[in-house]
Amino acid sequence: MQQKTSHSPEDAVLSVEDLTTEFATSHGTLRAVDAVSLQVRRGEILGIVGESGSGKSVTGYSIMGLIDRPGAITGGRIMLNGVDLRQIGEEGLRQVRGHRIAMVFQDPMSSLHPMLTIGAQMVDAALAHRPIGRRQARMEARDVLARVGIPSPEERMRSYPHELSGGMRQRVSIAIALLNRPEVIIADEPTTGLDVTIQAQILYEVQKLVAETGTAVIWITHDLSIVAGLADRAAVMYAGRIVEQGTIADVIERPAHPYTAGLLASVPHRNRDMRKLPQIPGSIGNAHSIPGCRFAPRCGFVKPACEARPAFDEVAPGHRAACIVAGRFAQQLAEAAHG
Amino acid sequence: MLAYLKRFLALPTAALGLVALVLLALAAIFAPQLANQNPYDLASIDILSSRLPPGTASVDGYIHWLGTDDQGRDLLSAVLYGLRVSLTVALVATSIALVIGVVAALFASYFGGKVDAILMRLVDLQLAFPSILTALVLVALLGTGLDKVIIAITLSQWAYFARTLRSAAMVERTKEYIDAARTLKFSSSRIMFRHLLPNSVAPLAVVIVVEIASAISLEATLSFLGVGLPITEPSLGLLISNGYSYMLAQQYWLSVYPGLVLLLLLLSVNLIGERMRQMNNPWG
Amino acid sequence: MASYVLKRILQGLFLIWLMSIVAFVAIYALGNPITALINPNSPADVIERVTRELGLDLPLHEQYFRFVGNLLRGDLGQSYVTSQPALGLILERFPATLELTLVAMTIAAAVGLPLGLYAGYRPQSLVGRGASAISMVVLSLPSFWTALALIIVFSIQARVLPTGGRGEIGFIFGVPTSLATLDGLRHVLLPALNLSAFPMALFIRLTASGVQETLHATFIRFARAKGLTVRRILFVYVLRNIVVPVITVIGIVFGVLLAFAVVTETIFAWPGSGRLIIDSIRSSDRPVIIAYLMFTVTIFIVINLTVDVICALLDPRISLQGGK
């Protein structure tokens, strides 16, 4: 699954460039997503990792054009096969949503309409984009439900969401996302809150589906271990910015940013004493207002030069990090990360 | 407090409501000083000068700015005194209802169990009926008059206070400080009044304002229907009712002026209540 | 389903029993009904004879049993004023009230629901702000005030509509109604409009806040992520979500209107049961007041039960086996 290929924006299905999303709050403007760039290619899984408040979910919603007031996308381009989604208008976006880019939400309990049947909600999604009949839509819905591992799908389509378990509901959400065979699926922590076995099943099925359909996937999570097992490449976000991006091997084995190293260090690991997991001191807090490196207040490698915004430079081909020490402390970081 | 007021006034309609209410309240308080005539003093009323149009000069030399009513009373004076009656009835009734509701709710939320169940069923039963119906039935059974009207309004309102305070208190009582107070062996009444009550005040304040408006409206309706206050102490509702029969004769002022004052009064109170509700709402 | 309905009916009967005690106390304990029935200055032996005939010399609990027995036979006593059966008087007047209320509800729903829907969808628009402002003003005003305003504008100034009365009555499918004749329609319009002001304002408010709340729900965002049109989201996903609270409110408001009709009927001289109750209050006709109260309670209970069953049928999350 892991492959090292260069990823020029040209062969990416989706290429996000300098995306900036801001929210007007009573305390001024909050830049939740700050000049984020990322690409994902056909059949590739990109993991976006970050703690809550890092802007990873807002990045997902921004790509979908689902940012509501008081928020707005204020800069950058969102290129889907060479077309900027910011230029195609609301109706153009609607035709893209759920058809060419689909999204699975974090909370399986509240993303389905509580008073409509599963079947009705799936048929709706199909009919919104394709001139097929209701019968055809129902048949397709049933097939997709079966593909995501839902037993007796015909019967389930007549059920209401509250009659299904959390895991089943999330499978339904994933089925809805797959229904129109999108080019990109954005999955926003879809397995949070599910128990580990079901989580593993869903992850396995997603991997299988990507391999079969060639859909590109952006998997948003706070859990590095999920990304390590699932994704081809990873982008690490902190306080609205991507601080490191590279292949899974790059990011996990050779972290170039102190924050990534810290995240890795706090992941439970078979070779490590579970009781002594180190935590990164401090929290994101109001790091969004820091003009320079936003991780500096929590960083063990901090230098005076960190007061300027660090460049997002390559430390190796295809492996970038926004840190002035990135290239030089590779050895210490790897040690810090893997003990 | 000052910050609260500043935030409150940030909405122009709320500021307008507050100013209007203060002016009306001042007019009611100083009605005896402002009015040309005491409308309750039968000696100063001349039935011969009834239904004079606005602007007519009176026999005593002043001008009936709003004309006179069907009894020959100076309408401006009658409206000022009527405002006084309407506000007094509303404030007294709401205050009593508030006390009853607060005591009931504190009992219910502090003792819980059976006391709570019985009191709250009673509240539910009462709230199932519109307050105008409750008030009408009570007036029907008790008879009319100032005290009866106040009782009727009080009894149709207490349940709103009990319900509001109780749900606020239910949230509060699970918090740690109530437990702490109990462990310290404070008496139950002391816990209720010193701790539960002050922390449930914000939602209650909104209901108080809204209920003052509804008491004004209720009293006006009862008086208008002729089952409220006696004719000797005309409230705004009664003045409107008295003038109503002359509307067909194009003598509008009899009803319209007291009607406009009632409108202003109710709107200003409700605008204030609306703003307070908005400010309690975290998304407001 | 059956057990749920049965449970609700039993609750309703309990409530009616409670009201019967209130009614009994009101008639027999508060004041002696004899003084209302015959001249208190009659000779002592006359008073005594009538008291015995009416069973008023019996102990209170036996009087209560007789009262309940009569109640069960639909006998709620006789009017002190006309000596007619109290319940009969009310039933005779009730169709007029029902007609007025139904017309008012229809107007309120037809105007209030779409306006509320729009105000909730675009709260900052001119229509949205206007609708909220008007509903706030209307909810502030007592209904006699709006009635007078309507009369001044439409009857006295414009002279297009009558100030009161029911007008000519025609028949639709054998049911006597003002809606069958032009004159009847002209008479019903103003009182119905006045009665509709309160529920209309309420509908605008509740629908608007329901829509606004729903629009923030995750499932709406997910529906948008599916690429549904705004139309479909608003008219299927949002509406489906607020239909249950709206029906609940319609039920409650319907009951409230039957009571509110008291004021409107009095002002517009509409010959319904609301006007009857005001006349009865003015003449202290207690049996009629009590009969009205019992009748209204029963109607409230029936409406509530109907609404609960409809809501349970519409909301898949409510199981009729054992409530929520």
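Predicted model: local features only at pLDDT ≥ 70, side-chain atom pairs only at ≥ 80, totals over all residues.
Strands (E, at least two residues) and helices (H or I, at least four) are DSSP runs, numbered from the N terminus. I found A:Thr20 opposite A:Gly75 in strand 4 of chain A.

I then followed the sheet in chain A: it is open, with four strands in the order 2-1-4-5 and antiparallel pairing. Strand 2 (28-40) and strand 5 (83-84) of chain A are the edge strands, each pairing on one side only.

Next I turned to the contact between chain A and chain C (heavy atoms within 4.5 Å). I noted 29 residues from chain A and 22 residues from chain C. The two chains bury about 2300 Å² between them, 62% of it on carbon and sulfur atoms; this is the accessible area (1.4 Å probe) that two parts lose on being put together, summed over both. In chain A, A:His113, A:Met115 and A:Asp124 lose the most area to chain C, together 27% of what that side buries.

I checked for salt bridges (a side-chain nitrogen of Lys or Arg within 4 Å of a carboxyl oxygen of Asp or Glu). The rule finds two across this interface. A:Asp68 forms one with C:Arg224, with the closest N and O atoms 2.9 Å apart. Helix 3 of chain A gives the most to the side that touches chain C, with four residues.

For the record, local features need pLDDT of at least 70, side-chain atom pairs count only at pLDDT 80 or more, and totals for chains, interfaces and linings use all residues. Residues are numbered from 1 along each chain as its sequence is written, chains are lettered from A in the order in which they are written, and side-chain values use heavy atoms, without hydrogens and water.

Conventions:
Pairing = 2+ DSSP bridges.
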